[in-house]
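Student: Hi! Could you walk me through this model?
Tutor: Happy to, let's take a look together.

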Amino acid sequence: MKAQATLVGIAVLLLMPVYAGAQSPERIVVSRDLGDYERGDYLGIHGQITAQTSGSFIVIQVTNPRGELCNIQQMTPLSSGSFVGKGIALLGPLCGINGDYGVRIFYDEYRASSSFAVLPSTVATQDDEQRFENATSVLDKRIEQTLSIETSAYESRARSITYPSGTVVDLSVVYADLLDASFSDRTLDGLDVNLRRATTGALDAIDSLEDAMTIGDTTATSIRKLVYSAIYYYELGDKRMSAEQMNAAYGAINTADPASGEAEQPVTFASLRNTLLSLIQKSNEVLSSELRNELAFILARGTAPVYADELRAILDILTQARYLEITSNKTDPLYTFVAREWGLISPSLKSTSSIESFVGFEDRVQGVYDAAFVLRDLDKVSRFIESGENGGLAELLRPEWNSLQSTLRSANDVDDILAQQDAIEEMRQVTEISSRLEQVITITRANRISNDLTSAWPGLLMRVSDASSLSEIREIVDEFDRSISAMRDARNPIEELKLEYRELLAKAEQRSDRTAIANIENAQRVLELAERISSGAPTQTKLDRIEVLLVWVVQQVDVLTERLASFTPEENKRRSANILERAQTLENLAELGLRTKRFVPGYTDYVDEVLKTVERVRALVIGGELRSADDLVRRATTDWREIDEAYREEPASSDFYGKVDIQQREYQKHADDLHDTAKRLLVAGTTESREFTRLISMVDEFIEHGNFVEAHDAITAAYEYARDNLSIEHRSIIYEIDHRPDIRAWILEGYVDKQSFDNREDITVFVRTADGEIYDQLDFTDTKHGRFHVQFDAPEDPGVYVAELTWRNKTSVNIVYIPYPEPSNEDRQVLISDSGGVELIAISQDLYDLQEFMQGFGGSQYQAHVGKITPLIAEAEDAVRDRDKSLARAKVVEIRELIERYLPLRSPEGVIRATYATGNLNIAGALYKMIEFPEDIYVDIFDQTGQLEATVRLTDDPDGMFSRDVLRSFEPGTYVATLSYHDLRVSDFFTVR
């Protein structure tokens, strides 16, 4: 049996689809179980990012057994993907309780989880002397284990350190020096797996930076010793110091590594396909026809991802080639070297017939391109010195400038130019120092930023103007760059700042502190700007600006925290009193109005609503929710003004008048927009016209009923239908227009069908409101390939807009719908209340459904009895509008009875009868038949919304008689049973109560 079961299992595995066991690869690798810790211990989290994304941070969240956030931190991984979190002290009311903790790690769109436990026991404390003795033992043990080098010198140093003059830190220095001289893979034996991985990740990164000559021997050694110190403190049992040392090492590596956090985004298939299309269509380039054919073949086969690196290289070569073509025409003698070298490479590029051979020129083209860019920087320096507008600084540069020019005049090729790259770059930085300083000083003054670093900048600017040597200027450049780096190290990560500002905003809103709210929102905009600038490839000047702005944001945290913390009881009383006084004024106005309008229909009900609102405002103030109370009393006061004005306009109205009428007027504006859109864009008789007309009729019907719940949903459905179905496309124009509320702009992009790619053509777009009024006009040109992409300010208010794009007298129309915000649960309840309550809304929906139902299934019977139906419908609608539930309910019952009595379709050739009792539907009838032979008959059951509820199959007898019981429950409402037999169609209606 066992062998047989095994064979069955193998067979099942073989039959399973190959994708059944496939899993997406892990992007964040971290230990699933971080182990057990004692209270007072320190937790360190290490992991690996297997595929990095440009500009993304790692976020670590730790939650305690109660689900509360114990710790959150953000960091950037090393360029190798390795990361290590800050040490987390397992102490206090959040991180020191016993039980199981959860760890969640986020990176870009990926996430991973882990866990650990805090035990009831507490980490034993040691006095200084005990700690020193343990530290000595750890060092002695490491010396004993070291066999690869002579250790007598380290033994001697260890013995010379004695308590109390010597410290644990002194012993750690000896330990780090020992490991620096003797480290091997066996050094990590017996260590915790997380510490081993963190150590390996750090040491590998240091080796990589050293091999690339990014850091020197001295820097590399100092960072390694931080890692070795982390091992020492871990063996000592001091996990806090171990985590701090390891974090310091990772921070130093990140600072030194230019590639840290700059991993490229993986390209998408769509972008690769667009790249291929662009390459194939390029004219006047260095791509041969044979190479274009090969690219077209790749496009046709869909194999672009295989050639992602090659395509990127081709694009780089083409970009560099365009610049080199331009620079080759310059007459400056130095550019002749660039032109000569490019003249040798260009013909070879144009004659290549394969991707491999073309990409083989990448390094040669890059070298010439780099030389051209060096000469561009040289031109900047030349203009600075020769302009005569830069005074003493230009004169300071002139001797070195003359020496550099002399050296370059003896150049023989582009390699000689590249040899002077560092000198030219240094001179360019010197020429820009005044501009950089002036910009950051302007920003600091505008934002009132003041600290030790920023206060020194005006002095640096004065030193630039007073400098007497080029070496002084270089010192100023280095000093300024160091201050910018210090600012970057001192500020919080952007994500952490965003979290702090969200917390501040919540406090400010609760206290209704509008000044603080404005300052917080301004700081949040600065953070958004910082994210946008940091995500690209910003210039040094932009980086300076963003660092200064972020310092301001950090400073504002303290200012706002102090402001919100200093919210005194007296100020609280003052603001509370102000809100309560406005609420009392509103109550007084409402009650005063009763003296003259008590007998105006609906006014008493409206005053009751106002009084309830006032009571709610008071309850919010008592609960400390001042912002919510303030907003509520403001809205209620605004409503009061509108409705009171409406009562003054028609004080003696015999109909229900008040907030319902105001709501009806607002919703009617939307209905008018829909009607205007239909008149301008729809062609009568089309499917779109019929459906849109039906949706508009639904809107009108519910507005007339005062059913604002269904009216809101119907308006939304109509606007969405307009957006999706009413656009008018021209075959020569493809374009989309998208509302982007996150950047407060509209994005318009697309293509026009061009046959010639050597010119640009004018495009005009009119953005119109629903009634046809021009809101905005855009005039721009396409690219030579027919593509266009435009960002512009456009309407922000919810509703439907029409964008008409004209090119070569051809027009394409797009509908843009800015959705209305979904009402909150609270607003939804208000809307239900304004609509008369849930029961009245249901009656309103029944009325609409029944009218559609009668017209759809009543046929000739509906037309024959429309004189009886219409007055009854009108009476029911009046009852709903007057909020008379009893009368409305009674009228709906009469309508259902009228449907059952007058609307069934009968025929001498057949008849059907449907009767329903609890849980049982009986269908019976008879057919007139020429042949006595039983046949299958099908009866369809539709509900009052027109949805098919069931299809019943039955068989008649030879005489054409049939009857069947269907055991099924139906929801309350009116239903129709329709029988179709050849050309015969008969029906019967029944009501489920």
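Tutor: Phe702 and Tyr848 are both buried (under 20% relative accessible area, with a 1.4 Å probe and protein chains only). This is a predicted model, where local features need pLDDT of at least 70 and side-chain atom pairs count only at 80 or more, while totals for chains, interfaces and linings use all residues. Residues are numbered from 1 along each chain as its sequence is written, and side-chain values use heavy atoms, leaving out hydrogens and water.

Student: How many aromatic pairs are there in the whole structure?
Tutor: A search finds 19, where rings of Phe, Tyr and Trp (its six-membered ring) pair if their centres lie within 6.5 Å.

Student: Which helices do Phe702 and Tyr848 lie in?
Tutor: Phe702 lies in α28 (residues 687-705) and Tyr848 in α31 (residues 838-857), so the pair ties together parts 146 residues apart in sequence. Helices here are DSSP runs (H or I, at least four residues), numbered from the N terminus.

Student: New topic: is Arg224 buried or exposed?
Tutor: Arg224 counts as buried, at 12% relative accessibility. Its place is in helix α7 (residues 217-236).

Student: What does Arg224 touch?
Tutor: Not counting residues up to four places away in sequence, Arg224 touches Asp180, Leu203, Ile206, Asp207 and Glu210. Contact means heavy atoms within 4.5 Å.

Definitions and conventions. Helices (H or I, at least four residues) and strands (E, at least two) are DSSP runs, numbered from the N terminus. Buried means under 20% relative accessible area, exposed over 50%, partly exposed in between (1.4 Å probe, protein chains only). Rings of Phe, Tyr and Trp (its six-membered ring) pair if their centres lie within 6.5 Å; planes under 30 degrees apart count as stacked, over 60 as edge-to-face and the rest as tilted.
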